[in-house]
Every structure is written in structure tokens, then in C-alpha cells.
Amino acid sequence: MPDQLLFAMEVTLNGLMAGVLYALVALGFVLIFKASGIFNYAQGVMALFAAATLVGIMDGQVPFSHLINATLGTDLHHFGWHVPALLAILVTVVVMIVLAWLVQRLVMRHLVNQEPIILFMATIGLAYFLEGLSDLMWGSEIKTLDVGLPQGINETIDQITYDMFGYGFFIDNLDIVATVIAGILVIALMAFNQYTREGRALRAVADDHQAALSVGISLNFVWVLVWSLAGFVALVAGVMWGAKSGVQFSLSLIALKALPVLMLGGFTSIPGAIVGGLIIGVGEKLFEFLLGPALGGATENWFAYVLALVFLVFRPQGLFGEKIIERV
Amino acid sequence: MIYREAGDFSSTYVEDSQTFPIKFDRYRYYLVLAVAFLVVPFVINDYWANAILLPFLIYAIAAIGLNILTGYCGQVSLGTGGFMAVGAYACYKLMTAFPDVNIFFHVILSGLITAGVGVLFGLPSLRIKGFYLAVATLAAQFFLVWLFNRVPWFYNYSASGQISAPERTLFGIEVTGPNTEAWATYLFCLVFLTGSAIIARNLTRGTLGRTWMAIRDMDIAAEIIGVNPLRAKLTAFAISSFFVGISGALFFAVYLGAVEVGEAFGIQKSFLVLFMVIIGGLGSIFGSFAGAAFLVLLPVVLKVVGADMLGWPTDIVAHLQLLIVGGLIITFLILEPHGLAQLWRVAKEKLRLWPFPH
């Protein structure tokens with residue numbers, strides 16, 4: 001087989017893995033959007049916040065230590081203990097649930113029935129707020145996150161592909177783990193949506209707020225639930241991306257990457273988020289591989305958006321979205 | 001008592017349809033203009049010009065531009081940074097290609113070029129709306145920044161990839177380059193801001209502004225009563241981008257002098273201008289001024305209070321600033337979705353009834 005084709009295959013595989021991670025972030029968006037019609041721009045920052053909190057708890061950092069030191073003149077850094085990863089993840093989940101409750105209570109409750117675009121802007125405000133909060137609480141330096149996920153080149157795949165094609169594919173173990181976890185998460189979420197009482201309530205609210213209210217579903221509860229779920233998905237995404245490239249500000253930019261993913265897949269469809277993520281992941285990697293050198297490189301910065309833009313002109317509701325019906 | 005329309009009779013159509021029909025408003029407007037043009041240039045110094053006044057003037061132009069698109073025509077754009085970059089690079093190319101032409105025309109021309117690019121990226125707005133469009137404008141943002149970063153023609157093959165403004169004069173006085181006087185740059189930007197504000201204000205009062213608002217309020221209904229959505233949306237994109245382009249050109253040529261595109265015109269800039277429009281008030285020219293002033297002053301005030309008075313490290317102040325800006329945006333959206341402009345309207349209404357509120 002020619003080298004170029006082999007390289008392209010490797011790039012495609014890596015693109016698929018990256019796509020899974022995009023899909024993971026996009027999933028959080030879809031959850032909130034379906035249940036409350038809110039387009040949550042803060043999803044990426046939630047991932048950053050969750051990952052930073054996880055690192056902070058694991059290392060036993062004192063929250064707001066910089067601020068406290070600056071105002072009181074003390075010299076606090078760490079509590080001096082190390083929390084095991086699993087326990088820290090549990091604590092972080094609790095933190096994300098509290099955050100979800102606070103967001104619902106302090107922000108979204110007051111914005112019920114506002115136009116979608118106002119809600120969108122409120123979540124941009126929320127994103128700024130959370131980013132500032134995360135930096136103040138845990139400091140803004142790049143942190144390494146190690147929860148014991150395997151990293152580095154997968155020897156088996158390298159060996160097998162070497163035997164088959166005479167060229168070993170480089171695939172990161174972490175990406176494989178991420179793919180598996182994302183797959184489990186998606187299946188779990190779909191099952192939750194389909195078979196549990198709360199999932200049914202969630203779908204009812206997504207279908208029609210007022211009808212759901214009139215049969216006795218608590219909107220408040222459902223909204224706190226979806227924000228918690230989104231917080232949980234954000235945590236998973238944060239752990240994956242954090243383990244891959246460190247916990248830092250650029251983590252919150254993956255939220256922006258998730259937007260074209262959503263537009264391709266349709267805002268209301270969970271499978272759409274997955275397929276969209278894969279298309280974007282493979283598309284941008286292949287595009288960079290094939291045309292990047294000719295165009296000057298770093299096409300990954302914009303390829304996803306332009307693809308989504310072109311796609312939307314032909315199919316405004318996305319691949320799996322519900323048909324948009326407008327009435328006057 | 002002071003602010004009222006009673007006793008203010010107009011006897012001609014011109015008087016009746018002027019921009020500020022109420023005497024108090026009119027005199028206030030003349031007063032502000034007089035202070036801005038005749039007093040400030042004599043007292044200005046470098047710190048005030050660079051830290052507050054120049055950014056305020058330039059961002060106000062950008063905010064007016066975005067307000068036309070988002071506030072009046074209802075098309076949310078996250079591509080402001082990219083369009084500002086178009087203005088800046090157009091200005092740079094023009095300044096270096098035609099050194100004999102007056103800088104004033106270069107700035108106007110950069111605005112026109114940006115208007116063209118804006119229309120191009122506005123075309124999808126005919127098919128998609130809401131946040132789908134917002135994401136589509138993100139394509140403009142990232143693509144344009146990448147383009148200016150990667151294609152050497154745009155930065156004249158300079159080794160650093162930066163563009164820096166050559167020295168240019170207006171009436172023999174330097175307005176760009178390293179040796180400018182604070183008052184000259186201030187006046188140069190002020191002229192553009194005043195011009196933009198007058199044009200924008202009168203456009204939004206006329207037929208064009210009404211078609212924009214009809215599209216914003218409900219595009220399908222507007223189409224049925226005979227508004228041409230193609231024309232309305234594309235003119236909004238063109239005129240908005242024109243102002244944004246001018247502000248980008250000024251931002252580069254007059255304010256910064258040298259620019260690295262990803263840093264100066266990144267996605268953060270788009271959000272900053274959007275926040276100015278939201279906090280100031282969607283659909284209000286005064287709101288653009290108020291929002292720009294607010295968001296330019298906030299970091300300065302925080303820095304003075306936090307870093308200089310309380311002695312906190314600057315990174316904590318920077319984080320606090322994010323926290324406060326985010327919190328303020330949420331607060332504004334909840335308490336006063338129409339922004340500072342609405343507070344001003346309420347104050348005027350109070351003033352009108354004072355001292356007999358019933």
C-alpha cells in the first residue's frame with residue numbers, strides 16, 4: 001500500500017478519536033438544549049471548572065488561596081493531603097450538582113420565557129463568571145491532571161498494523177479510553193432518557209413545557225437535573241481533555257469547537273452530536289493532512305466552522321435535527 | 001421641570017424632524033460636542049488618551065456598528081473581531097501601497113472594504129438565523145484571523161508577521177506612527193466617532209432603520225408586509241461592517257500602531273464588543289457609547305482600586321475582572337435587558353415629571 005494512503009488512514013483514525021472528544025462536549029450542549037431550549041455556551045468553561053476543581057481537590061489546594069493571601073497577608077497553599085482520584089471525582093460531581101442548582105436558582109429561573117438569544121448571552125456571561133471563579137479558586141497556571149488513565153502509544157495496534165502494512169499506526173491509549181468512556185456515557189444517557197422516570201420527565205419537558213407542568217412535572221427539578229447532567233458530562237470531558245493536554249484556558253475553547261459539531265448534527269439529537277463530532281474530527285484532520293501544507297497550515301482553526309457554515313446553507317436544521325417549522 | 005417638551009414649538013418640518021426634538025436634549029448634545037472638541041484636546045495627556053479616551057472612542061464606533069446589526073436588525077454576530085481585523089489589514093495595505101493618499105481616506109476605504117467582506121459573510125443569514133447564524137459568523141472570525149496570519153501578502157512579507165503603521169500626517173500633524181501627540185490622535189478618532197454616530201442615528205430613524213427593526217421583530221411577518229429581507233439583512237451587514245472596519249483601522253493605525261492579528265482581533269474582541277452592546281443597550285446608539293465607556297472604564301477602575309490601592313497582584317485583579325464582567329452581564333440581562341440606555345430613558349422620564357410626579 002502506498003505511504004500516503006497509510007498516513008491518511010492513520011490521520012482518519014486519529015480524527016475519529018478527536019471527534020469522539022468533540023462529541024463528548026457537544027453532548028452536554030444537547031442535553032441542556034433539549035430540556036430547556038438554552039444554548040449553553042458555558043459548557044466548555046464548565047469542563048475547565050470541573051477539571052480544575054478535580055485537580056485542586058486531589059492536590060488538597062486551598063480554594064481562593066491567592067485572594068486570601070492577598071487580603072489577609074497569610075501564606076496558604078495546600079491542606080497537605082492528597083485525595084485519591086475516585087473520591088475526588090465524587091466530590092467534584094457534588095460540586096457540579098451544587099453549581100447546577102445555583103445556576104438554576106440564581107440565573108435561569110429569572111430568565112424563563114426570555115428570547116433564546118438572551119439566554120444564550122446569559123450563558124456567555126456565565127462562562128466569563130465561571131472562568132474568573134475557576135482562576136480565583138484554583139489559580140490560572142497550567143495544571144497536570146492524572147487520574148490514572150493509561151497514556152502513550154498503544155503498542156498492540158502499533159504491532160498489528162506494522163505486521164499488516166509494514167507501518168505502525170500511532171494511536172494514543174488515552175484516546176482509546178476516551179472513546180470507550182464516551183461510548184458508555186452515550187449509551188447510559190440514552191438509556192436514562194428512554195427508560196427511567198426522570199428521563200421521561202425530561203423528554204416531556206423538552207416536548208412542551210406547559211403540558212409537562214400541567215401533568216405535575218416539576219420544571220425546576222428537571223432543569224437542575226439537566227444542568228447537573230451537563231455538569232457531569234463536562235467533568236468527563238474535562239478529565240479527558242485535561243489528561244490529554246493539561247488543565248488550562250484553552251480547554252474552554254473546545255466549547256467553540258463543539259458548536260459546529262452541533263450544527264452538523266442538529267441541536268436536538270444525541271446521535272447527531274456523536275456523528276457530527278466524528279465528521280468534524282475526521283474532516284479537519286484529513287483536510288489539514290491533504291490541503292494544510294498547500295494553504296499554510298493550522299487550517300484546524302477554521303475548517304469546522306466553514307464546513308458547518310456551508311452545510312447549514314443547504315440543510316438549516318442539521319443532519320438529524322427536527323425540521324424547523326415557522327409560523328407567524 | 002427642566003426636561004420637557006411643553007412650550008417647544010416647531011414651525012417647520014425641518015425643526016420637527018430633527019435628531020433631538022426636545023430643547024434640553026439638543027443643548028446637552030451641543031454641550032457634549034463642545035466639551036469633546038474644544039475642552040478635552042487642551043487638557044488631555046498621554047495616559048488619559050491611551051488608557052481611556054482612545055479605546056473608548058474606537059470601541060464606541062465598533063459598538064455602534066455591532067448594534068446596527070444585532071440591536072436593530074437582530075442578527076447576532078460573533079465575528080466582530082474578524083471584521084475589525086479586515087479593517088486594520090485593509091488600512092495597512094492601503095497605507096503602504098498608496099503613501100501619498102491622505103490617511104483619512106484610507107480609513108474610510110478600509111471601512112468600505114470591510115463592508116464588502118461583511119456582505120459576503122452575511123449571505124448565509126438569508127438561510128439561517130438565531131444562534132445558527134452566530135456560529136456561522138464564528139466561521140468569519142476564525143477564518144479571517146487565520147487568513148491574515150498565514151498569507152504573507154497581507155503583512156507585506158514582514159519577518160515578524162506583525163503589521164505596524166507607518167507615519168502619516170493630516171494637515172501636517174502626525175496622527176499615526178510613534179511620534180504622535182495625544183490631542184491629535186484623540187481628535188482624529190473623535191471626528192470618526194461623531195460622523196459614525198450621526199450617520200447611524202439618522203439611518204436608524206429612517207426607512208432603512210425601520211426595515212431592520214421589522215426584520216428583527218419578526219422576519220416572516222416583515223416579509224409579508226413587503227420588507228425585502230435580502231436587502232434589509234445585507235444592508236445591515238454592510239453598514240455594520242463599515243463601522244466595525246473603521247474602528248479596526250483606527251484601532252490598528254492610531255491606537256496600537258503595531259498589531260499581531262490573533263492577539264488584537266481574536267474571539268475575545270468579538271465578545272467584548274458584544275458585551276458593550278448588551279450592557280449599553282441593544283437597539284440604542286446612546287447605549288453603544290454607554291456600553292463602550294463602561295467596559296473601557298471597568299478594568300481601569302478595577303486596576304486602580306485592586307492593584308494600586310489594595311495592593312493585590314495583577315493576575316488576581318484580572319481574574320476578578322472576568323468574574324465581575326460575567327456577573328454584570330447576567331445581572332443586566334435579568335434586571336434590565338435593555339441595558340444602560342434604558343436606565344437613561346427612565347431617568348429622563350423621571351426628570352420630565354419632576355417635581356410633580358403625578
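This is a predicted model: local features need pLDDT of at least 70, side-chain atom pairs count only at pLDDT 80 or more; totals for chains, interfaces and linings use all residues.

## A residue facing the other chain

Met121(A) counts as buried because it has 29 C-beta neighbours inside 10 Å, where 20 or more are needed. The residue belongs to helix H5 of chain A, which covers residues 116-138. Setting aside residues up to four places away in sequence, Met121(A) touches Ile278(B), Ile329(B) and Leu333(B). Within chain A, Phe39(A) lies 82 residues from Met121(A) in sequence, and the two C-alpha atoms are 9.1 Å apart in space.

## The contact between the chains

The contact draws 38 residues from chain B and 43 residues from chain A. On the chain B side, helix H6 (131-150), H9, H12 and helix H14 (314-335) each supply at least two residues. H14(B) gives the largest share of that side, with 13 residues. By class, the residues of chain B that touch chain A are 31 nonpolar, four polar and three charged.

## Two further residues

Ile270(A) is located in helix H12 of chain A, residues 270-295. It is partly exposed, because 19 other C-beta atoms lie within 10 Å and a buried residue needs 20 or more. Apart from neighbours within four places in sequence, Ile270(A) is in contact with Leu27(A), Val30(A), Val186(A), Leu189(A) and Met190(A). Leu291(A) is 21 residues from Ile270(A) in sequence, and their C-alpha atoms are 31 Å apart.

Val259(B) sits in strand E4 of chain B, residues 258-259. With 24 C-beta neighbours inside 10 Å, Val259(B) counts as buried. Not counting residues up to four places away in sequence, Val259(B) touches Ala88(B), Gln162(B), Ile163(B), Phe252(B) and Ala264(B). Leu94(B) is 165 residues from Val259(B) along the chain, with 16 Å between the C-alpha atoms.

| Pair | Separation in sequence | C-alpha to C-alpha distance |
|---|---|---|
| Met121(A) and Phe39(A) | 82 residues | 9.1 Å |
| Ile270(A) and Leu291(A) | 21 residues | 31 Å |
| Val259(B) and Leu94(B) | 165 residues | 16 Å |

In soluble globular proteins, nonpolar side chains tend to be buried together. The largest nonpolar core here has 210 residues, and the members that touch the most other members are Ala23(A), Leu24(A), Ala26(A), Ala51(A), Val226(A), Ala88(B) and Leu250(B). Helix H10 of chain A, residues 219-245, provides the largest share of this core, 17 residues. For Leu24(A), the contacts beyond its neighbours within four places in sequence are Ala182(A), Val233(A), Val236(A), Ala237(A) and Met240(A). Ala88(B), another of the core members named above, is among the residues that Val259(B) touches.

## Helix packing in chain B

Two packed helices are described by the angle between their axes and the distance between the axes. In chain B, helix H12 (residues 267-280) packs against helix H15 (residues 339-353) at an angle of about 20°, and the axes are 3 Å apart. H12(B) is therefore roughly parallel to H15(B), since angles under 35 degrees count as such. Ile278(B), Ile279(B) and Gly280(B) make the contact from H12(B), and Gly339(B), Leu340(B) and Ala341(B) make it from H15(B). This contact has four nonpolar, two polar and no charged residues. Ile278(B) is also one of the residues that Met121(A) touches.

Helix H8 of chain B, residues 207-217, has as its buried residues Gly209(B), Thr211(B), Trp212(B), Ala214(B), Ile215(B) and Arg216(B). Their cover includes helix H3 (46-72), helix H7 (182-205), helix H9 (219-224) and helix H10 (229-256) of chain B.

Chain A has 13 helices and zero strands. Of its 328 residues, 43% count as buried. Among contacts in chain A between residues at least 6 apart in sequence, 74% join residues at least 24 apart.

Chain B has 15 helices and four strands. Its radius of gyration is 21 Å, close to the 21 Å that the globule rule gives for 358 residues, so chain B is as compact as a globular protein of that length. The C-alpha trace of chain B spans about 70 × 55 × 45 Å along its principal axes. Of the 358 residues, 47% count as buried. For chain B, 76% of the contacts between residues at least 6 apart in sequence join residues at least 24 apart.

Terms used:
Residues are numbered from 1 along each chain as its sequence is written. Chains are lettered from A and ligands numbered from 1 in the order in which they are written. Axes are lines fitted to C-alpha atoms, for helices over the stretch in contact, and angles run from 0 to 180 degrees between N-to-C directions. Angles under 35 degrees count as roughly parallel, over 145 as roughly antiparallel, 65 to 115 as roughly perpendicular and the rest as oblique. Two residues are in contact if their C-beta atoms, placed from the backbone, lie within 7 Å. Ala, Val, Leu, Ile, Met, Phe, Trp, Tyr, Cys and Pro count as nonpolar, Asp, Glu, Lys and Arg as charged, and the others, Gly among them, as polar. A residue is buried if 20 or more other C-beta atoms lie within 10 Å of its own, exposed if 12 or fewer, and partly exposed in between; C-beta atoms are placed from the backbone. A nonpolar core is a set of buried Ala, Val, Leu, Ile, Met, Phe, Trp, Tyr and Cys residues joined through C-beta atoms within 7 Å. The radius of gyration is taken over C-alpha atoms; the globule rule is 2.2 Å times the number of residues to the power 0.38.
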